Amino acid sequence: MKTREVVFYSEGDKMAGTVYLPDDYKDGEKRPCIIANSGWTGLNMVYPALFSRAMTAKGNVCMGFDYRGFKPSEGREKYTTLEREVEDVAAAVNFMKAQPEIDPQRIGLIGWGVGGAVCVEVTAREDAVKAVATLNSFVDGVRWMRMGMGNDKYHKMLRALEDDKIKRATTGDPVLRHPYEFYPNIDESGAFYVDQTLKRIDGGVSEKANQTTGEEFPTPMSSVYAESFLRFNIEATLPKLAPKAVFVGHGRYNELHDKIEAEEAYRLAKEPKELYYVEGKHNEWMFDGDPKFEALADAMGEFFNKYL
């Protein structure tokens with residue numbers, strides 16, 4: 001896989017990204033393009049790079065980037081919402097349409113975690129996007145968070161977010177919190193990401209991640225992110241995507257995003273659509289060479305080959 005670092009812009013903010021080319025790419029070719037997108041607190045060097053290694057091996061040009069609020073991309077530091085991430089992904093789509101290596105009418109999106117719901121919204125509005133894979137994601141933010149937290153914790157969160165909104169409006173303080181504080185059932189997968197994923201993936205990227213952010217990962221973020229989780233709902237969007245293709249992938253035993261979110265995404269989407277279950281949880285199988293990840297990558301490769 002060959003790479004080049006790129007700069008593009010989302011609502012005027014400078015974004016840092018990477019274009020990934022297959023080893024056999026030849027100048028002048030126009031290949032399908034797949035843009036791989038992180039979930040919450042995700043870094044380009046982790047899952048977008050992982051998906052790009054898998055998808056370039058299948059002949060696609062790929063692209064990944066860091067959302068605004070996450071260095072090295074710019075924008076208001078430590079501040080993002082899912083709505084802002086929709087704009088970031090849409091900007092990446094339009095940037096890639098201008099790149100010489102791709103066919104601008106054959107673009108697909110991969111969205112991991114909450115990035116899956118983000119990518120569904122971008123697919124609905126960007127004509128160039130012909131297929132989307134939403135992986136371990138959600139459909140209804142309120143249902144997902146309430147089911148994951150339970151009533152008591154959920155309502156405590158709502159009260160805390162109300163106080164945070166008032167503080168932001170009256171003082172300008174972004175109200176920074178641990179980024180996993182209001183993410184349902186993230187203890188196991190969050191710890192695994194920090195203690196295992198960052199230390200093992202691609203030879204280990206923990207030190208690079210800390211150097212990029214200037215502090216130990218994961219960095220505090222404004223609690224405005226949790227408000228956007230509650231606002232986000234793609235129930236009305238999914239049926240409108242056809243004839244664009246939808247791939248729903250989900251860990252069968254996922255503890256962060258209940259399986260009902262995948263079942264609902266598949267039910268609501270119109271044909272063409274595919275549903276794929278990984279026999280695992282959320283992220284313990286997300287490594288190069290892991291049989292479960294490789295099987296998912298093969299299924300997505302076939303899906304994109306068919307619909308791009």
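Let me start with the residue classes, where Ala, Val, Leu, Ile, Met, Phe, Trp, Tyr, Cys and Pro count as nonpolar, Asp, Glu, Lys and Arg count as charged, and the others, Gly among them, count as polar. With these classes, the lining of the largest pocket has 7 nonpolar, 5 polar and 5 charged residues.

Now some words on where this comes from. What you see is a predicted model, in which local features need pLDDT of at least 70 and side-chain atom pairs count only at pLDDT 80 or more, whereas totals for chains, interfaces and linings use all residues. Residues are numbered from 1 along each chain as its sequence is written, and side-chain values use heavy atoms, with hydrogens and water left out.

Let me turn to the chain as a whole. It has 10 helices and 10 strands, where helices (H or I, at least four residues) and strands (E, at least two) are DSSP runs numbered from the N terminus. For 308 residues a compact globule would have a radius of gyration near 19 Å, and the chain, at 18 Å, agrees with that; the radius is taken over C-alpha atoms, and the globule rule is 2.2 Å times the number of residues to the power 0.38. The C-alpha trace spans about 55 × 40 × 35 Å along its principal axes.

Of the 308 residues, 60% are buried, and by buried I mean under 20% relative accessible area, with exposed being over 50% and partly exposed in between (1.4 Å probe, protein chains only). Of the contacts in the chain with a separation of 6 or more, 74% are between residues 24 or more positions apart, a contact being heavy atoms within 4.5 Å.

Next come the spaces. On a 1 Å grid over the protein atoms alone, a cavity is a set of points where a 1.4 Å probe fits but cannot get out, while a pocket is an open set with protein on both sides within 12 Å along at least five of seven lines, and lining residues have an atom within 4 Å of a point. Grid points are joined across faces, edges and corners, and a volume is the space filled by probe spheres set on the points.

The largest pocket has a volume of about 340 Å³, and among its 17 lining residues, Thr18, Tyr20, Asn44, Met45 and Lys208 lie nearest its centre. Which strand gives the most to this lining? That is β2, with 4 residues, and β1 (2-10), β2 (13-21), α1 (47-56) and α7 (206-213) each supply at least two.

The largest cavity, at about 200 Å³, is lined by 17 residues, with Trp40, Thr41, Trp112, Tyr193 and His282 nearest its centre. Helix α6 (residues 187-200) gives the most to this lining, with 3 residues, and the lining divides into 9 nonpolar, 8 polar and no charged residues. The second largest cavity has a volume of about 130 Å³ and 14 lining residues, of which Gly69, Phe70, Lys71, Thr213 and Thr219 lie nearest its centre; here the division is 6 nonpolar, 4 polar and 4 charged.

Finally, let us look at single residues.

Leu135, in strand β6 (residues 129-135), is buried because its relative accessibility is 1%. Asn37, in strand β3 (residues 31-37), is likewise buried, with a relative accessible area of 1%. Leaving aside sequence neighbours up to four places away, Leu135 touches Ile110, Gly111 and Trp112, among others, and Asn37 is in contact with residues including Ile110, Gly111 and Trp112.

Met96, in helix α2, is buried at 0%, and its contacts beyond four places in sequence are Val19, Cys33, Ile35, Val61, Met63 and Ile102.
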